Amino acid sequence: HFGEDLGTTPLRRRQFLDLRRGLGQTEQVGLNQRGLSSLCRALGRLDEAQRWLDQAIATLESIAPGPGLAMAYSMRSAGYMLTNQRRLAEQWGERAIELAKRFNEHGTIAHALNNIGSALADEGQPRGFELLEQSLAIALEHTRQAHASRAYRNASEASVRNRLFAQAEALIVPGIDFARAHDMDLHVVGLVGTLAQVRLMQGRLDEAQALAAVTGGRFDPTI
């Protein structure tokens, strides 16, 4: 888990992956490849993360489609969103949503809507903010806390990039309360950092510096 040394966790995952492969458990192999992709991304090993995700999708596509494949598609959509490839983010996000709906995977639906919404909102498209709002509503309704906090963060970041400061604050304040209530410290730091950016862009330098001090000067990007 993330409480472990992240440097050793991928090795443990690979050992578990080899065990599952030896037992012929194809779905578990694919899910572990997907997990390795997430871990490598968290470590900043982006090329390796992409390779693991490619392998996960290939593995999961070799068996009957399931919810694990839907989330892998959404992870690919997120990768394209983060590299400003809007059309590919949309395409893979829509594939994820279509498959996730078959299994009532509300977390994956919220994740994919977030990807597409973030990509569109970064281009200033109003539909992007509508999709981010849908992502947040679904995550809250179905108690998917991590996806809800991600929606607060990405929607507020997109609002700031579009200089919609009032809209950003309307997301940041409840987002901070939500993240604190669910012990998501990294999300609290990210949202406080976003509020510091708002204050800086408004010319309220003292407030921006005070908020930046709370975060240790960190300004976490869209996730």
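**Close-up 1. Contact of helix 2 with helix 4.** In this predicted model, L31, R34, S37, S38 and R41 of helix 2 touch G68, M71, A72, M75, G79 and L82 of helix 4. Contact means heavy atoms within 4.5 Å. By class, these residues are five nonpolar, four polar and two charged. Ala, Val, Leu, Ile, Met, Phe, Trp, Tyr, Cys and Pro count as nonpolar, Asp, Glu, Lys and Arg as charged, and the others, Gly among them, as polar. Helix 2 covers residues 26-42; its axis comes within 10 Å of that of helix 4, and the two cross at roughly 25°. The two helices are therefore roughly parallel (angles under 35 degrees). Their crossing is left-handed: the near helix is turned anticlockwise from the far one by less than a right angle. Axes are lines fitted to C-alpha atoms over the stretch in contact, with angles from 0 to 180 degrees between N-to-C directions. Helices are DSSP runs (H or I, at least four residues), numbered from the N terminus.

Residues are numbered from 1 along each chain as its sequence is written. Local features need pLDDT of at least 70, side-chain atom pairs count only at pLDDT 80 or more, and totals for chains, interfaces and linings use all residues, while side-chain values use heavy atoms, leaving out hydrogens and water.

**Close-up 2. Contact of helix 3 with helix 4.** Helix 3 (residues 46-61) and helix 4 (residues 67-82) have axes that come within 10 Å and cross at roughly 150°. This crossing is left-handed. From helix 3 come Q50, L53, D54, I57, L60 and E61; from helix 4, G68, L69, A72, Y73, M75 and R76. Seven of the contact residues are nonpolar, two polar and three charged.

**Close-up 3. Contact of helix 4 with helix 5.** The axes of helix 4 and helix 5 (residues 86-102) lie 8 Å apart at an angle of about 160°. Helix 4 is therefore roughly antiparallel to helix 5 (angles over 145 degrees). The crossing is left-handed. Helix 4 supplies L69, A70, Y73, S74, R76, S77, Y80 and M81, and helix 5 supplies L88, A89, W92, G93, R95, A96, L99 and A100. The contact residues split into eleven nonpolar, three polar and two charged.

**Close-up 4. The aromatic pair Y152 and F178.** Rings of Phe, Tyr and Trp (its six-membered ring) pair if their centres lie within 6.5 Å. The count comes to two aromatic pairs. One of them joins Y152 and F178, at 5.8 Å centre to centre with 50° between the planes. The pair is tilted; planes under 30 degrees apart count as stacked, over 60 as edge-to-face and the rest as tilted. Y152 sits in helix 8 (residues 145-161) and F178 in helix 9 (residues 165-181), so the pair ties together parts 26 residues apart in sequence. Both Y152 and F178 are buried (under 20% relative accessible area, 1.4 Å probe, protein chains only).

**Close-up 5. Q55 in helix 3.** Q55 belongs to helix 3. Its relative accessible area is 36%, so Q55 is partly exposed (between the buried limit of 20% and the exposed limit of 50%).

Close-up 6. Most residues other than glycine have a negative phi. T143 has a positive phi, near 50°. T143 is in the loop between helix 7 (126-141) and helix 8. Its relative accessibility is 55%, so T143 counts as exposed (over 50%). R163 also has a positive phi, near 60°. R163 is in the loop between helix 8 and helix 9. R163 is exposed, at 52% relative accessible area.

Terms used
Angles under 35 degrees count as roughly parallel, over 145 as roughly antiparallel, 65 to 115 as roughly perpendicular and the rest as oblique.
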